[in-house]
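Below is a briefing on a single protein chain, grouped by topic. Please read it alongside the sequence and the coordinates.

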Amino acid sequence: ESFFNSPNSNVRIGIVRAGNVIGGGDWALDRVVPDCMSAWSRNEIVDIRSPNATRPWQHVLEPLSGYLSLAVTLADDFTIHGEAYNFGPPANQNYSVRLLIEEMAKYWKNIRWNDTSQSQEHLHEAGLLKLNCDKALFDLGWTPSLQFEETVRMTAQWYKNFYENNTDSMSEFSLSQIIEYTKLANERGIGWARVSV
């Protein structure tokens with residue numbers, strides 16, 4: 001509302017926030033999915049700080065589809081210029097870290113993890129995080145496309161393929177997941193459906 005606030009401006013601005021994003025290619029430190037994938041690929045035990053914490057897990061392609069939907073809408077509708085949007089799973093799809101690990105374990109053999117939540121060095125973390133994404137639905141017609149199990153499967157399969165094939169080039173596999181995601185969204189008529197790849 002402060003800058004480029006004219007229908008004649010060529011600049012359109014949207015503000016976005018995503019839920020807890022997971023997916024292949026995340027190598028950040030102290031994140032549950034990369035930590036588990038790395039440890040399990042070496043048959044090691046992974047330390048889990050907050051197994052009972054609940055998060056709005058979503059595959060990285062979900063918020064990206066939301067960002068693209070916002071960009072498309074911004075190009076045509078000046079009234080949403082400067083508006084902020086949350087992109088995340090439905091409110092009833094919050095799962096604990098423990099459930100995330102159990103679902104990821106379906107794709108690995110002999111996984112092991114250690115609950116460190118009672119450690120004296122344990123830092124405080126919020127037990128429950130949620131996002132209200134109603135505005136993205138009402139203004140953009142955007143909803144997520146994947147169920148929790150599909151999100152975890154795609155994530156675990158990406159890392160498993162990376163570690164088992166010892167490859168630094170995952171572009172072909174990543175592209176196959178983008179195509180799979182796009183097909184699912186188009187079949188369901190939600191999420192990505194507005195944006196063609």
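Is Arg42 buried, partly exposed or exposed? Arg42 is partly exposed, with a relative accessible area of 47%; buried means under 20%, exposed over 50%, and partly exposed in between, using a 1.4 Å probe and protein chains only. This is a predicted model, in which local features need pLDDT of at least 70 and side-chain atom pairs count only at pLDDT 80 or more, while totals for chains, interfaces and linings use all residues. Residues are numbered from 1 along each chain as its sequence is written, and side-chain values use heavy atoms, with hydrogens and water left out.

**Salt bridges**

- The whole structure holds seven salt bridges, each defined as a side-chain nitrogen of Lys or Arg within 4 Å of a carboxyl oxygen of Asp or Glu.
- One of them joins Arg42 to Glu44, with 2.8 Å between the closest N and O atoms. Glu44 is partly exposed at 34% relative accessibility.
- Another pairs Glu83 with Lys135, where the closest N and O atoms are 2.5 Å apart. Glu83 sits in the loop between helix H2 (61-76) and strand S6 (84-87), and Lys135 in helix H4 (residues 134-140), so this pair ties together parts that are 52 residues apart in sequence. Helices (H or I, at least four residues) and strands (E, at least two) are DSSP runs, numbered from the N terminus.
- Glu83 has a relative accessible area of 25% and is partly exposed; Lys135, at 32%, also counts as partly exposed.
- Arg188 and Glu150 form a salt bridge at 2.6 Å, N to O. Arg188 belongs to helix H6 (residues 171-188) and Glu150 to helix H5 (residues 148-165), so the contact ties together parts that are 38 residues apart in sequence.
- Arg188 is partly exposed at 35%, whereas Glu150 is buried at 16% relative accessibility.

**Cavity**

- There is one cavity of 30 Å³ or more. On a 1 Å grid over the protein atoms alone, a cavity is a set of points where a 1.4 Å probe fits but cannot get out, and lining residues have an atom within 4 Å of a point.
- The volume of the largest cavity is about 30 Å³, taken as the space filled by probe spheres set on the points, which are joined across faces, edges and corners.
- Its lining consists of Trp57, Gln58, Glu62, Pro89, Gln93, Pro144, Leu146 and Thr151.
- By class, the lining has four nonpolar residues, three polar and one charged. Ala, Val, Leu, Ile, Met, Phe, Trp, Tyr, Cys and Pro count as nonpolar, Asp, Glu, Lys and Arg as charged, and the others, Gly among them, as polar.

**Surface patch**

- Phe3, Phe4, Val11, Ile13 and Ile15 make a nonpolar surface patch of about 450 Å². Patch residues have over 30% relative accessible area and no salt bridge, and nonpolar side chains (Val, Leu, Ile, Met, Phe, Trp, Tyr) are joined within 5 Å. Areas come from the Shrake-Rupley method with a 1.4 Å probe.
- Ile15 lies in strand S1 (residues 15-18) and is partly exposed at 41%.

**Backbone**

- Most residues other than glycine have a negative phi.
- Asp30 has a positive phi, near 60 degrees. Asp30 is placed in the loop between strand S2 (20-22) and helix H1 (32-41) and is exposed at 56%.
- Asn110 also has a positive phi, near 55 degrees. Asn110 is in the loop between helix H3 (97-104) and strand S8 (112-115), exposed at 64%.

Methods:
On a 1 Å grid over the protein atoms alone, a cavity is a set of points where a 1.4 Å probe fits but cannot get out, and a pocket is an open set with protein on both sides within 12 Å along at least five of seven lines; lining residues have an atom within 4 Å of a point. Patches are made of residues with over 30% relative accessible area and no salt bridge: like charges are joined within 9 Å, nonpolar side chains (Val, Leu, Ile, Met, Phe, Trp, Tyr) within 5 Å.
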